[in-house]
Amino acid sequence: MAKDKTASDVSKMIKDNDVKLIDFKFTDLPGTWQHFTTTLTEYNEEIFTEGLGFDGSSIRGWKVINASDMLVIPDPSTAWIDIFNAEKTLSLICTIVDPITREPYDRDPRGVAEKAEAYLKSTGIADTAFFGPEAEFFIFDEVRFTNTGNSSSYLVDSVEGHWNSGREEFPSLGYKIRAKEGYFPVPPADTLQDLRNEMCLELEKAGIPIERQHHEVATAGQAEIDIRFAPMKSMGDQMQYYKYIIRNIAKRHGKTVTFMPKPIYGDNGSGMHTHMSLWKEGKPLFAGNGYAGLSDMALFYIGGILKHAPALTCLTNPTTNSYKRLVPGFEAPVNLAYSARNRSAAIRIPTYSANPKAKRIEFRTPDAACNPYIAFSAMLLAGLDGIQNRIDPGDPLDKNLYDLPPEELAQVASVPDSLRGAIEALQEDHQFLLRGDVFNADFIANWIDMKQKEYDALRLRPHPYEFGMYYDV
């Protein structure tokens with residue numbers, strides 16, 4: 001995805017690649033891509049300014065049916081030949097605007113990211129926010145689930161899963177990854193090396209540069225593919241292509257991918273550690289002479305993230321399943337502290353390089369079930385609030401948080417332990433999100449209502465494990 005690609009460049013791509021169809025992709029409120037497709041009879045370069053109309057009433061979290069007309073405005077810089085269509089198809093990512101006012105639709109996630117970047121520039125603090133997420137996911141061979149009024153079940157499976165060590169596989173060769181021992185094994189224990197390589201190469205063909213890929217800690221196909229940092233909205237676009245390409249490459253090989261944070265009990269969940277830094281006029285602003293080589297600005301940014309972290313989790317960890325990963329005492333960084341190198345803190349300062357351009361902070365709490373545009377925008381606003389109000393992050397905590405005595409650990413704040421707790425935190429603390437009209441009161445109220453319904457949907461249903469615990473009471 002070339003940042004300087006113009007409408008005429010897209011027209012040339014269509015001609016040079018003998019494109020037959022145009023696919024217009026946009027993101028719903030929870031973070032899932034939606035799309036519609038046209039033939040070339042609908043294509044002209046005016047669509048990049050005039051847009052195309054569609055009905056937004058059935059999109060999750062969007063307009064009611066009596067106010068449903070919307071316009072998609074495609075971004076030429078996102079043009080990509082979609083390799084998963086039988087006919088040659090050009091894909092474009094779109095922003096949504098109101099057809100009457102031509103203003104960005106306030107519930108469009110990509111529009112939120114555009115407003116966040118504009119607000120950053122308006123503050124004079126910086127002109128670019130770089131984001132670099134490390135998304136983890138599972139590659140399964142099978143998934144089955146059912147929910148009815150009188151039954152509920154799920155099953156995920158992988159040939160790598162340690163629970164398959166006794167299965168007859170004609171022959172079974174014994175290369176099974178034990179629970180919590182999936183970090184960096186080589187083939188044949190790592191059965192997914194070639195698949196991850198294919199994902200990486202297709203991502204790079206789509207213009208998304210890759211830093212590295214590897215097996216992750218959990219058994220049963222947990223993976224991580226890291227993409228190179230990019231400006232915030234562009235990274236949102238890249239994360240949407242990332243999920244789309246990875247899922248479809250897996251399907252090509254008869255496998256399935258999930259970014260669900262905790263699909264397996266008793267093993268590591270999937271997070272999305274997110275690296276952030278601010279730049280101005282091509283110069284990094286987070287390098288300095290403070291703790292771990294950070295500037296005062298970077299430390300205040302950390303102060304803002306830590307202060308607003310409970311509310312942030314409603315946006316960065318937005319599912320009921322997210323809080324099965326965010327459990328104190330286990331692998332997830334739930335403790336609101338910062339540290340150089342210490343991976344048990346919610347915020348880590350990577351120390352791989354002394355180069356000022358590499359100086360950044362890493363917020364380790366988020367997971368990839370989030371909507372990237374919304375999550376990144378909220379993190380940026382929290383950090384900016386820290387800078388604007390000079391929020392002191394307190395002293396760093398370089399001890400292993402999991403080894404602290406209970407009385408000492410009790411002094412360290414932590415993120416909410418349920419989606420309900422995150423909802424309550426957001427209800428109490430969201431003024432920082434309203435700066436620059438990046439988010440507005442309607443967005444926050446709508447988001448809270450949507451999340452409360454998700455929370456209620458889970459808490460109203462009996463859990464299968466409850467039958468083992470309580471059936472004979």
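Helices α4 (residues 193-205) and α5 (residues 232-252) have axes that come within 10 Å and cross at roughly 135°. Axes here are lines fitted to C-alpha atoms, for helices over the stretch in contact, with angles running from 0 to 180 degrees between N-to-C directions. The pair is therefore oblique, the label for whatever is left once angles under 35 degrees are called roughly parallel, over 145 roughly antiparallel and 65 to 115 roughly perpendicular. The crossing of α4 past α5 is right-handed, that is, the near helix is turned clockwise from the far one by less than a right angle, anticlockwise being left-handed. On the α4 side the contact (heavy atoms within 4.5 Å) is made by L195, E198, M199, E202 and L203, and on the α5 side by Y241, Y242, I245, I246, I249, A250 and R252. Sorted by class, that makes nine nonpolar, no polar and three charged residues; Ala, Val, Leu, Ile, Met, Phe, Trp, Tyr, Cys and Pro count as nonpolar, Asp, Glu, Lys and Arg as charged, and the others, Gly among them, as polar.

A word on the model itself. It is a predicted one, in which local features need pLDDT of at least 70 and side-chain atom pairs count only at pLDDT 80 or more, while totals for chains, interfaces and linings use all residues. Residues are numbered from 1 along each chain as its sequence is written, and side-chain values use heavy atoms, with hydrogens and water left out. Helices (H or I, at least four residues) and strands (E, at least two) are DSSP runs numbered from the N terminus.

Helix α3 (residues 109-123) holds A113, which is buried because its relative accessibility is 0% (buried means under 20% relative accessible area, exposed over 50%, partly exposed in between; 1.4 Å probe, protein chains only). What does A113 touch beyond its neighbours within four places in sequence? The list is M232, K233, Y373 and S377. With S377, the C-alpha separation is 5.6 Å across 264 residues of chain.

Over in strand β10 (residues 210-215) sits H214, buried at a relative accessible area of 9%. Sequence neighbours within four places aside, H214 is in contact with Y183, F184, R196, A223 and E224.

As for strands, side chains in a regular strand alternate between the two faces of the sheet. In β3 (residues 52-55), L52 and F54 make up the covered face, and G53 and D55 the uncovered one. Strand β3 runs antiparallel to β4 (residues 69-74), with four bridges joining them; a pair takes at least two DSSP bridges. G53 has L71 as its bridge partner in β4.

The loop between β9 and α4 contains F170, whose phi is near 55°, positive in a residue other than glycine. F170 counts as exposed because its relative accessibility is 72%. The peptide bond from F170 to P171 is cis, with omega near -5°. Another cis peptide bond, with omega about 10°, joins P187 and P188. R102 also has a positive phi, near 65°, and lies in the loop between β6 (89-97) and α3. At a relative accessible area of 36%, R102 is partly exposed.
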